[in-house]
Amino acid sequence: MTVPMPPVGAPSRTLTQPTRKPARPFFSSGPCAKPPGYSPSKLATESLGRSHRAKIGKARLQLCIDLMREVLQLPDTHRIAIVPGSDTGAFEMAMWTMLGARGVTTLTWESFGEGWVTDAVGQLKLDPTVIRADYGQLPDLSQINFADDVLFTWNGTTSGVRVPNGDWIPADRQGLTFADATSAVFAYDIPWDKIDVATFSWQKVLGGEGGHGVLILGPRAVERLESYTPAWPLPKVFRLVSKGALSEGVFKGETINTPSMLAVEDAIFALEWARGLGGLRGLQARSDANAAALDNIVRERSWLRHLAADPASRSKTSVCLLVEGADEAMIKAMAGALEKEGAAYDIAGYRDAPPGLRIWCGATVETADIEALGPWLDWAYYSAKAA
C-alpha cells in the first residue's frame with residue numbers, strides 16, 4: 001500500500017519497512033544504552049558478597065570515585081560522594097542540607113526543574129523566586145539574583161534544552177549554585193569553579209545502573225554545610241556533617257548506606273571504557289557526532305523539528321523532537337510500532353512534555369545506529385498517518 005505524497009523534503013514516501021535496523025536500538029533517556037561491548041560477564045565480581053566496608057569494598061568504591069574525578073577532569077577542590085536515590089536523592093540531599101541560609105532562586109524549563117520548585121515550596125516551606133520558561137525555551141538568565149542560592153538543571157532531560165555555558169554565573173556570587181547535571185556530565189565542559197553543588201546518576205551518559213546518585217561539592221558548599229544547620233530534621237541518608245564537621249569518609253567511599261557493589265562494578269566498567277576513549281574528550285566527541293547525525297535526520301524531514309529551537313541551548317544528549325500533527329496517541333503508536341519491530345526502544349517523549357519523540361544521543365549510543373534510525377522514523381510516521 002502506498003501512502004499519499006508527504007510534504008516535500010521527506011525522504012521516504014511508502015510504508016515499506018527499511019531493510020537495515022540499528023544494531024543496538026537502545027535510545028532511552030534513562031537508563032540509557034550500555035557502553036558498546038558491555039556484558040555482565042565482563043564485570044569484576046570479587047567485591048560481590050562482601051561487605052562494602054571491607055577492604056575490597058572500600059577500595060572499589062574509592063576507585064569508582066577516582067575514575068569519575070579523572071574522566072570529569074574535576075579539580076581537587078571538589079569532593080565526590082556516592083549517595084542513595086539516584087540523581088533525585090543526590091539533589092534533594094543538597095537541598096535539605098544547605099538551603100534556608102539565604103534566599104533561593106529556582107530556574108525551571110522542564111519537569112525535573114519544576115520538581116525542585118515543588119520541593120522548595122511544598123516540602124521545605126521556602127519562598128523561592130521562580131524563573132520559568134516554556135518547554136523548548138530557556139529562561140532569561142540575566143534576571144538571576146546571585147545573592148540567592150540558585151537551583152537549575154544544566155541539561156533538561158525532558159525538554160532537550162540546556163544552558164549554553166557557565167558564563168552567566170558570576171565568579172563573585174554570594175549564594176551557592178546547585179546544578180542538576182545528570183544529563184550533562186561527561187557530555188559538556190562544565191566550569192567547576194562556577195558550580196558549588198552538582199549531582200548526577202550513572203544511568204545517563206555512562207549507561208550505568210540506576211539507584212545510586214553522585215554528589216559533587218565545591219569548597220563553598222562545604223563551608224555552608226559546616227557553618228549552617230537547617231531548621232528542619234534531616235533523614236539519616238541526608239546527613240553529611242557530624243559534630244559540626246564534614247563527614248570526610250563519605251567522600252572516600254564510606255557510603256552513608258549500603259550500596260550495590262554490582263552497580264559500582266558496572267559504573268567502573270563504564271568509566272574504564274570512557275578512559276579508553278580518551279576520557280572526557282572522547283565521550284564528548286561521540287555525543288557530538290550522535291547529535292549531529294540526528295540533526296541531519298531532522299533537517300531532511302519537513303514533518304520533524306526540534307523542540308528546542310535555538311541550537312545554542314539545544315541538548316546534545318536528550319534530544320527532544322516535535323512531529324507535525326502528532327498528538328499523544330500518534331506518538332504512542334509510532335513508538336510502539338518501532339519497539340515491536342526492534343528498531344527503536346523507548347523514544348516517546350516524557351509524559352509531562354509536549355507530545356513528541358525523545359532520542360538519547362549520549363556517548364554510549366553508536367552514530368551508525370542514529371543514522372539507521374532515520375528511515376524507520378519515516379516508516380513509523382507514515383504508518384501512523386495512514387492508520
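I call a residue buried under 20% relative accessible area, exposed over 50% and partly exposed in between, with a 1.4 Å probe and protein chains only. Phenylalanine 186 comes out at 1% relative accessibility, so I log it as buried.

**Ground rules**

I'm working on a predicted model, so I note that local features need pLDDT of at least 70, side-chain atom pairs count only at pLDDT 80 or more, and totals for chains, interfaces and linings use all residues. Residues are numbered from 1 along each chain as its sequence is written, and side-chain values use heavy atoms, with hydrogens and water left out.

I went back to phenylalanine 186 for its phi, which is near 75 degrees, a positive value in a residue other than glycine. I found phenylalanine 186 in the loop between strand S7 (177–180) and strand S8 (197–201).

I place lysine 243 in the loop between strand S10 (241–242) and strand S11 (245–246). Is lysine 243 buried or exposed? Its relative accessible area is 86%, so I put it down as exposed.

I also checked omega: the peptide bond from glycine 30 to proline 31 is cis, near -10 degrees. Proline 31 sits in the segment before H1.

**Salt bridges**

My criterion is a side-chain nitrogen of Lys or Arg within 4 Å of a carboxyl oxygen of Asp or Glu. How many salt bridges does a search of the whole structure find? I get 16.

I looked at arginine 132 with glutamate 114, where the closest N and O atoms are 2.6 Å apart. Arginine 132 is in strand S3 (residues 129–132) and glutamate 114 in helix H3 (residues 111–123), so this pair ties together parts 18 residues apart in sequence. Arginine 132 is exposed at 52%, while glutamate 114 is partly exposed at 27%.

Next I took glutamate 366 and arginine 286, at 3.1 Å from N to O. Glutamate 366 lies in the loop between strand S14 (357–360) and helix H8 (367–386) and arginine 286 in helix H6, so the pair connects parts 80 residues apart in sequence. I have glutamate 366 as partly exposed, at 28% relative accessibility.

Then came arginine 301 and aspartate 378, at 2.7 Å from N to O. They are 77 residues apart, with arginine 301 in the loop between H6 and strand S12 (304–306) and aspartate 378 in helix H8. Both arginine 301 and aspartate 378 are buried. I also noted one network, in which salt bridges with shared partners join Lys34, Glu209 and Asp266.

**Buried spots**

I found serine 287 in helix H6 (residues 280–299). Serine 287 is buried, with a relative accessible area of 0%. A polar atom of its side chain lies 3.0 Å from the backbone oxygen of lysine 316.

Leucine 43 belongs to the segment before H1 and is buried at 9% relative accessible area.

Methods
Helix = DSSP H or I, 4+ residues; strand = E, 2+ residues; numbered from the N terminus. Polar contact = N/O pair within 3.5 Å; in protein donor to acceptor, adjacent residues only side chain to side chain.
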